[in-house]
Amino acid sequence: MVKFEYSSVLLVGGGAMAIRQHLPRLLGLLGSRSVDIYEADPARRALLAAQFRRERRVRLLEHIDSKDQFDLVVIATPPRFHYDYYRQLEGQAERFLIEKPMTVNAGQAAQLADYARSKGKKVFVNLLRRGLGSYRLLRTLYQQQEFGRLERVQLCEGGVFSWEAASLGPFSKDLSGGGVLMDIGPHALDLLLQLFDELTLQAAFMDSAGTAVEANCTLDLAADGGVPVTVSLSRNRCLSNTTLLQFERATCSAGVRDNAIAVKAHGTTEYVMYPAAGPGSAAAPGFAALLDAFYEQFLMQGQNRGVGPAESQRIMQIIDQAYATGQPMQRVF
Ligand SMILES: NC(=O)c1ccc[n+]([C@@H]2O[C@H](COP(=O)([O-])OP(=O)(O)OC[C@H]3O[C@@H](n4cnc5c(N)ncnc54)[C@H](O)[C@@H]3O)[C@@H](O)[C@H]2O)c1
């Protein structure tokens, strides 16, 4: 049930995420009666106008009228523009859904968080992996030392880039602030921030140079004061797409996008476990189900605990530091 009214929505940016993912959910799950889309590229705007000519609830705008009010503003442009659009449109809605990464750096994230707090605006950031119950379960097992002390963690996420973006955003430092770290880094770091209270960067390694964005990135981190954590991200290699937690008495391997946790108890048994039934417990939810759950759990309930600006600020602090201190990856022979 939608607890909050999202009758009129402004969608800023008419690319892959906006049109394929958000628009059907705005019209379907939220039951929006009008969705105005502002897309900056005239050719793309004309294409979308033709595509939606029979959909009376959808309108393509040539400019955003500052007098218009909306129940929700969705910002799904390349990341560079998120902050400026939030500031521009702050007075035109009470609720904002901003795509990840919320901003291109931690300074903007802190400012956006402050503005939202002082103006009483509710900002939701699309950190859709908050819908995975497995990481809440792993946090409990870690805190209760169910398998003994946690010795180390390794998160590997990667595949060959195949997202059908409408712009060159994902490959532009100017539009996105970076490559794989800006793209899947927020999701990966968000999983770790669900497990740990503290996460500090020790070292970063990237394969980018000059104006090129990185396709590969490795982060060495320390969690909760001492647990060593390694994060490997790739856009051109298929990695395991799991988070491996090595405890004293067992090794747990959790999917980065699903709820299965494979447990190898040292010297004895092997089994797979799932979070108990309830929200976030679907075995292999997939992207569409995770996004549905994000809408249901946060937007429709009007609450942004775990997906507000504060979480994005923490993520961006680590990412900023990684770009500032990142070293080139060394070739092997
Ligand atoms: N949450 C997720 O899992 C997820 C997945 C993919 C992308 N994203 C995020 O969604 C956002 C958009 O990504 P995408 O894949 O849809 O990119 P895209 O390139 O497909 O779409 C971006 C659109 O914005 C338009 N645009 C560019 N500048 C604009 C401006 N100043 N004003 C209005 N429109 C403008 C472009 O013309 C394009 O149509 C990014 O922040 C990206 O990180 C999130």
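This is a predicted model: local features need pLDDT of at least 70, side-chain atom pairs count only at pLDDT 80 or more; totals for chains, interfaces and linings use all residues.
Local features need pLDDT of at least 70, side-chain atom pairs count only at pLDDT 80 or more, and totals for chains, interfaces and linings use all residues. Residues are numbered from 1 along each chain as its sequence is written, and side-chain values use heavy atoms, with hydrogens and water left out.

Start at the ligand. Helices (H or I, at least four residues) and strands (E, at least two) are DSSP runs, numbered from the N terminus.

Next, the polar atoms around the ligand. An N or O atom in the side chain of Trp-163 is 2.6 Å from a ligand oxygen. A polar backbone atom of Met-17 is 2.8 Å from an oxygen atom of the ligand. Asn-126 places a polar side-chain atom 3.3 Å from a ligand nitrogen. On its own, the ligand has 850 Å² of accessible area, and the protein covers 90% of this. Accessible areas come from the Shrake-Rupley method with a 1.4 Å probe; for residues, only the protein chains shown count as cover.

Helix α3 also contains Leu-89. Leu-89 has a relative accessible area of 0%, so it is buried (under 20%; exposed is over 50%, partly exposed in between, with a 1.4 Å probe and protein chains only). Leaving out residues up to four places away in sequence, Leu-89 touches Leu-10, Val-12, Ile-64, Val-73 and Phe-96. Contact means heavy atoms within 4.5 Å.

Asp-36 sits in strand β2 (residues 34-38). Is Asp-36 buried or exposed? Asp-36 counts as buried, because its relative accessibility is 5%. Its side chain joins that of Arg-59 in a polar contact of 2.8 Å. A polar contact is a pair of N or O atoms within 3.5 Å; within protein, one must be able to donate a hydrogen and the other to accept it, and residues adjacent in sequence count only if both atoms are side-chain atoms. Beyond four places in sequence, the residues that Asp-36 touches include Val-9, Leu-11 and Phe-70.

Now the cysteines. The model has zero disulfides, a disulfide being a pair of cysteine sulfur atoms within 2.5 Å. Cys-156 is buried, at 14% relative accessible area. For Cys-238, the closest cysteine sulfur is in Cys-156, 13 Å away, so a bond is ruled out by distance. Cys-238 is exposed, at 66%.

Cys-156 also touches Thr-242, which is found in strand β11 (residues 242-247). The Thr-242 side chain makes a 2.9 Å polar contact with the side chain of Ser-240.

Lys-264 is partly exposed, with a relative accessible area of 47%. Its contacts beyond four places in sequence are Arg-249, Ala-250, Thr-251, Thr-269 and Glu-270.
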